[in-house]
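Here are my notes on the model, written as numbered points. Have a look at the structure first, then read on.

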Amino acid sequence: MIHSLNPTMKAITIIMPAILLSFSFDIITPAIMFIYILILTFFFSKLNIKKWLFYFIPMSFFALGLAWMTMLYTDGRYATGPIIFSFLSFDIRMGSIIVSISLALRSLCFIGLSLLFAFTTDPTKFMLSLMQQARLSPKLTYGILAGYRFVPTFRHELDMLKKAHRIRGFGHAKGWRNLVEQMKQYFIPLLAGAIRKAERVAIAMESKGFTGSKERTYYTVMKIKFTDYLFLSIMLIILIIAYYVSYRLGTLNIFGHRITP
Amino acid sequence: MRKSWRLKDIVLMSVLGVVFGFIYLGFFGVGKVLVAILTPFGLGPIGYELIYGIWFIVSIIAAYIIRKPGVAFTAETIAAITEVLVGSTSGPALILSGMVQGLGAEIAFAVTKWKNYQPRILVFSGVSAAFISFPYHFFVSGFHAYESWLIMTMFVIRLLSGAIIAGYFGKILADQLAKTGVLNGYPIGKEIIARHEKSSTNF
């Protein structure tokens with residue numbers, strides 16, 4: 001199950017196809033990856049499909065917008081083949097349609113991978129794993145976790161600020177034009193409060209003997225298991241298969257260069 | 001000036017990174033609105049370029065406050081990690097793009113050996129972040145398929161956005177914060193105190 005994988009290894013596994021997929025400008029390669037990502041999402045993770053769709057559908061509109069822009073303004077290297085249809089003064093060629101579908105599928109892959117990571121990873125465990133596996137310094141790790149902990153208190157503080165302003169008969173700046181005014185009213189005091197707390201936390205950490213040394217013990221020990229390597233290998237194998245199938249079908253296109261067997 | 005980081009520098013960087021990580025996420029929403037407006041003209045993704053500078057702002061703010069090597073890079077990376085922790089739809093790859101942007105912002109300060117924090121260097125930092133981040137997105141987002149003039153337009157808009165939103169507004173925000181006195185323990189606050197003493201001795 002994807003929930004129990006090591007967060008750092010999971011992050012690497014998910015970044016890898018995101019970068020390696022960037023070479024392809026054909027339809028087959030990202031399509032195969034996208035199918036694999038959907039299989040992972042629906043069969044190998046226990047996430048709530050409704051919640052997943054709630055994020056996936058709005059994000060996919062961006063992919064469509066991207067495809068539309070690509071279709072209209074395709075570079076000459078890609079805009080080949082017969083004219084399929086015309087829109088205003090744009091002539092849309094076969095090549096443009098192919099490359100725009102490719103880019104849309106690529107961004108759908110990115111979205112799918114990202115949601116897969118976000119929905120199956122515990123933030124604290126991800127930080128602990130970055131410290132223990134990716135050698136992030138304990139000072140930074142615990143600093144970030146402390147900063148992260150402040151966030152829920154922001155809402156409470158904002159509420160307090162608003163009430164304090166009202167008690168003193170100080171109006172609430174509204175609308176877009178008063179954006180700067182609003183920023184001064186709420187954002188600066190909130191941030192100032194957070195900075196004050198940061199200083200206090202730093203002093204408290206040091207006074208309790210936190211040195212930030214890397215030779216320390218951990219309450220929660222994060223490990224890399226066999227399944228983490230398995231997940232990484234399968235992801236890479238599917239990626240290679242995707243490129244190979246596209247190559248065999250004669251559709252492979254790397255940065256505008258058709259590569260055929 | 002001491003070049004090594006103190007724990008309070010690191011925690012401040014983390015807090016700034018976390019706060020701006022949330023702001024960055026919010027601006028994805030703003031970007032989406034702009035994209036929705038521009039999409040009928042087929043210029044959707046330019047919507048993001050207009051406000052791209054916001055995603056470099058924490059580099060400039062943190063570097064301007066703490067004034068030590070590596071601060072711009074680290075603060076930006078923390079912001080990116082926060083976005084991933086909270087559940088950004090851009091996923092772990094976002095950490096990579098945060099690192100690229102932070103590196104870009106850091107270049108401006110490295111060129112001046114981390115000694116000069118005048119407004120023009122801050123603006124330059126916003127520009128260098130934009131300059132370095134563009135090729136990365138060119139690669140990842142497949143800009144290669146676009147016509148050259150469109151790529152150039154996007155690039156120029158991003159540079160301007162970096163200069164204005166990250167450089168200029170970043171400086172204003174940090175100055176406003178310093179005015180409250182919470183930054184008196186950091187180089188930016190000390191500079192203000194020194195300036196204040198200098199002007200009061202003139203009387």
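1. A:Arg135 sits in the loop that links α5 and α6 of chain A. Helices here are DSSP runs (H or I, at least four residues; strands are E, at least two), numbered from the N terminus. A:Arg135 isn't a glycine, yet its phi is positive, about 60°. Most residues other than glycine have a negative phi. A:Arg135 is exposed, with 8 other C-beta atoms within 10 Å (exposed is 12 or fewer, buried is 20 or more, partly exposed is in between, with C-beta atoms placed from the backbone).

2. Before going further, a caveat: this is a predicted model, where local features need pLDDT of at least 70, side-chain atom pairs count only at pLDDT 80 or more, and totals for chains, interfaces and linings use all residues. Residues are numbered from 1 along each chain as its sequence is written, and chains are lettered from A and ligands numbered from 1 in the order in which they are written.

3. Chain B has a non-glycine residue with positive phi too: B:Arg67, at about 55°. B:Arg67 belongs to the loop between α3 and α4 (71–86) of chain B. Is B:Arg67 buried or exposed? B:Arg67 counts as buried, with 21 C-beta neighbours inside 10 Å.

4. Now α3 (residues 57–66) and α7 (residues 148–179) of chain B: they pack at about 45°, axes 8 Å apart. The axes are lines fitted to C-alpha atoms over the stretch in contact, with angles from 0 to 180 degrees between N-to-C directions. That makes α3(B) and α7(B) oblique to each other (under 35 degrees is roughly parallel, over 145 roughly antiparallel, 65 to 115 roughly perpendicular, the rest oblique). Contact means C-beta atoms, placed from the backbone, within 7 Å.

5. Between the chains, 56 residues of chain A touch 44 of chain B. On chain A's side, α7(A) gives the most, 13 residues. That side divides into 40 nonpolar, nine polar and seven charged residues (nonpolar: Ala, Val, Leu, Ile, Met, Phe, Trp, Tyr, Cys and Pro; charged: Asp, Glu, Lys and Arg; polar: the others, Gly among them).

6. An unreviewed UniProt entry annotates "transmembrane region" on chain A, including residues 12–40 and 226–245; such annotations may be inferred rather than shown by experiment. Residues 12–40 of chain A are 76% helix and 0% strand, with end C-alpha atoms 16 Å apart. Residues 226–245 of chain A are 100% helix and 0% strand, with ends 28 Å apart by C-alpha.

Methods:
Contact = placed C-beta atoms within 7 Å.
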